Amino acid sequence: MIRQGKLLEVQDLQKNYGKSNNITKALNGVSFDILPGEFLGIMGPSGSGKTTLLNCIATIIKPTSGRVLLNNKNISAFDSTALAEYRGRRIGYLFQDFALLDNLTGRENILLPLSIHRMDVVKARAKLDELANFLEITDILNKFPSQMSGGQKQRVAAARSLIAEPEIILADEPTGALDTRSAKLLMNKLKGMNEASDRTILMVSHDPNATSFCSRILFIQDGVIFHELRRKYDESRENYYERILQLMAQFGGGSANVL
Ligand code: ADP
Ligand code: MG
């Protein structure tokens, strides 16, 4: 269900890397809004600025110019308390490469954000059990990352990004390292999370299978958003997937390496 009002507003975001004689314009004026409860996808080829965009929203990097507003408030103007609250509780970041710590078990990895953000232990344990059950990782909680499959690692990483019950989930190519079956399982879980608990998700990906789970998709290339695709009311995911493929073929100029 989509409620009224904008949750997140991205306004004319620009990000340059490097110095004057060797500048990469990773984001070249990106603007869009996210409504509460949306599952928004951003699709683009490798190097189009997707990770840079998520990192700006997550305050991992500073944009060169432009603003990100959360409930009408500029996140770059947050004081340290508001910033810690934003990073720790409002957003959950699902990294492309899992970013699990090798010397911690699955359980310890998942609970790590809570020890940093000092959450209630009893509540955390209950939440962990619920998440592990939902993500089907209960059996591997005592294993170390090296003992897990890619799909299991990604779902442990998903549990970690969700343990603090963030309002907004930022996901960077969450299916990038997964086989088809694990990818579909994870996407169904994310979709379930979005529908059941009204969690807002912003996912970047170049995978049409993954983005076909989104309610809306923005297309990005060379740091600019150039198209939007909405899943129609009652449209099947298969049909939406076909429309995404058609767009990719159209914009990709017929190359094998479309978006
Ligand atoms: P994507 O996630 O879509 O693959 P990125 O946001 O990672 O794209 O990168 C966008 C562009 O910015 C690319 O040209 C990339 O090489 C460049 N880039 C990304 N991170 C850095 C960095 N830390 N320093 C310099 N250039 C970077
Ligand atoms: Mg990336």
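Two strands pair if DSSP finds at least two bridges between them. Helices (H or I, at least four residues) and strands (E, at least two) are DSSP runs, numbered from the N terminus. By this rule strand 7 and strand 8 (residues 200-205) are joined by five bridges and run parallel.

This report concerns a predicted model, in which local features need pLDDT of at least 70 and side-chain atom pairs count only at pLDDT 80 or more, while totals for chains, interfaces and linings use all residues. Residues are numbered from 1 along each chain as its sequence is written, and side-chain values use heavy atoms, with hydrogens and water left out.

Strand 7 spans residues 168-172, and five of its five residues are buried, where buried means under 20% relative accessible area, exposed over 50% and partly exposed in between (1.4 Å probe, protein chains only). Both faces are covered: Ile-168, Leu-170 and Asp-172 lie on one side, and Ile-169 and Ala-171 on the other. Strand 6 (residues 91-94) is joined to strand 7 by four bridges, and these two strands also run parallel. Within the pairing, Ile-91 stands opposite Ile-168. Towards strand 8, Ala-171 has Met-203 as its bridge partner.

**Nonpolar cores**

A nonpolar core is a set of buried Ala, Val, Leu, Ile, Met, Phe, Trp, Tyr and Cys residues joined through side-chain atoms within 4.5 Å. The largest such core has 44 residues, and those with the most contacts inside it are Phe-39, Ile-110, Ile-137, Met-203, Ile-217 and Ile-244. A second, separate core of 29 residues includes Leu-8, Leu-27, Phe-32 and Val-68. Contact means heavy atoms within 4.5 Å. Leaving aside neighbours within four places in sequence, the contacts of Phe-39 include Met-187, Leu-190, Ile-201, Met-203 and Phe-213.

| Residue | Relative accessible area | Location |
|---|---|---|
| Gln-154 | 0%, buried | helix 5 (residues 150-162) |
| Phe-95 | 28%, partly exposed | loop between strand 6 and helix 3 (106-117) |
| Phe-251 | 28%, partly exposed | helix 8 (residues 237-251) |

Beyond four places in sequence, Gln-154 is in contact with residues including Leu-94, Phe-95, Glu-173 and Leu-186. The C-alpha atoms of Phe-95 and Leu-170 are separated by 8.3 Å, although the two residues are 75 residues apart along the chain. Phe-251 touches Phe-226 and His-227, not counting residues up to four places away in sequence. The C-alpha atoms of Phe-251 and Phe-226, 25 residues apart along the chain, are separated by 9.8 Å.

**The cavity**

Rolling a probe the size of a water molecule over the atoms shows where empty space is left. On a 1 Å grid over the protein atoms alone, a cavity is a set of points where a 1.4 Å probe fits but cannot get out, and its lining residues have an atom within 4 Å of a point. A search of the whole structure finds one cavity of 30 Å³ or more. The largest cavity has a volume of about 40 Å³, a volume being the space filled by probe spheres set on the points. Its lining consists of Leu-114, Met-119, Lys-123, Ala-124, Lys-127, Ile-163 and Glu-165. Helix 4 (residues 121-135) gives the most to this lining, with three residues. By class, the lining has four nonpolar, no polar and three charged residues.

Note on methods. Chains are lettered from A and ligands numbered from 1 in the order in which they are written. On a 1 Å grid over the protein atoms alone, a cavity is a set of points where a 1.4 Å probe fits but cannot get out, and a pocket is an open set with protein on both sides within 12 Å along at least five of seven lines; lining residues have an atom within 4 Å of a point. Ala, Val, Leu, Ile, Met, Phe, Trp, Tyr, Cys and Pro count as nonpolar, Asp, Glu, Lys and Arg as charged, and the others, Gly among them, as polar.
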